[in-house]
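What follows is a walk through one protein model, taken a piece at a time. Please keep the sequence and the structure in view while reading.

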Amino acid sequence: TATDAGSGGIEVVAPTAALAKAHVLSAAPVNSAARLAIVNPSTSTAHAKVEVSGPDGSFSAQGLENIAVEPESVRVVAVPAQVELAQSALHVSSDLPVAASLTVATASDFASVVPAEELSGPAVLPTALAGVPIQLVVTAGPSAANVEVEDFSAQMESLGKVQIAVSAGSSVLVPGSTNRGAAYRIVQPAADSGKVWAGANWRNKNLIASTVVRPAPLTVTAPGVSVR
């Protein structure tokens, strides 16, 4: 585990996804000072492009349509300020396998956004942190997706379920919980859903944080033990 610290705050360096030709970076907490880093470990130049999946659909990010990353190097580019990252996701695609991450900052803090994992099953996240609601952003792939969000109390009692529809190539900011006493929520793709990714962010004035929403483990491997 590593930390990244400086005059703008301190952040635990989140583990990123493995090298791939496509990454989804979702749910940045702010739009300001956004920088996209692409790592190309191969011995050939990688050519990447960025599309934004926002509330109104997908579009190419101006100035990020063709990013050349030299062999065995890192390329850092600024994301246009008009991109509404807090309610969107960046689709980074490349002709060669690369790693990618996004950094955003406020006057006194910064946060890193790493590639999301396709939501293949239920994931669990708290409804709030230090009294401030946590925002959940879900992003659909080439086809429309449906996501079920269910709130629970601290006593594991269900407080209600809603279904969120996400148009193809777009992102949706899931409404915060309206259930009093909600401690956490479970989000999962519906049975008829297309591919979907999820990210969560938190902001308390100039303090920000971001995290990937990963499916919760449903099985546990235990040693084989026999009783005699």
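Two strands are said to pair if DSSP finds at least two bridges between them. The model shown here is predicted. In it, strand β15 and strand β16, the latter made of residues 158-166, are joined by eight bridges and run antiparallel.

Strand β15 spans residues 145-153, and S153 belongs to it. Is S153 buried or exposed? With a relative accessible area of 5%, S153 is buried, because anything under 20% counts as buried. Leaving aside residues up to four places away in sequence, S153 touches L159, G181, A183 and Y184.

Next comes a sheet. In general, the strands of a sheet pair through backbone hydrogen bonds, and the pairing is either parallel or antiparallel. Here four strands make an open sheet in the order β17-β14-β19-β20, with antiparallel pairing. The edges are taken by β17 (171-174) and β20 (207-212); each has a single partner strand, so one side of each is left without a neighbour in the sheet. From one strand to the next, the twist averages 20°. Within this sheet, β14, which covers residues 135-140, pairs with β17 in the antiparallel sense over four bridges. Which residue of β17 is the bridge partner of V138? The partner is V172.

Another strand to look at is β3, residues 20-26, where H23 is found. H23 is buried, its relative accessible area being 4%. What lies around this residue? Not counting residues up to four places away in sequence, H23 touches A17, A18, L90, H91, V92, V98, A99, A100 and P115. V98 also has its backbone oxygen 2.7 Å from a polar atom of the H23 side chain.

The last stop is a loop. S7 sits between β1 (3-6) and β2 (9-12), in the loop that links them. Unlike a buried residue, which has under 20% relative accessible area, S7 has a value of 82% and is exposed. How many residues apart in sequence are S7 and D109? They are 102 residues apart in sequence, while the distance in space from C-alpha to C-alpha is 8.4 Å.

Terms used
Residues are numbered from 1 along each chain as its sequence is written. This is a predicted model: local features need pLDDT of at least 70, side-chain atom pairs count only at pLDDT 80 or more; totals for chains, interfaces and linings use all residues. Side-chain values use heavy atoms; hydrogens and water are left out. Helices (H or I, at least four residues) and strands (E, at least two) are DSSP runs, numbered from the N terminus. Buried means under 20% relative accessible area, exposed over 50%, partly exposed in between (1.4 Å probe, protein chains only). A polar contact is a pair of N or O atoms within 3.5 Å; within protein, one must be able to donate a hydrogen and the other to accept it, and residues adjacent in sequence count only if both atoms are side-chain atoms. Contact means heavy atoms within 4.5 Å. Axes are lines fitted to C-alpha atoms, for helices over the stretch in contact, and angles run from 0 to 180 degrees between N-to-C directions.
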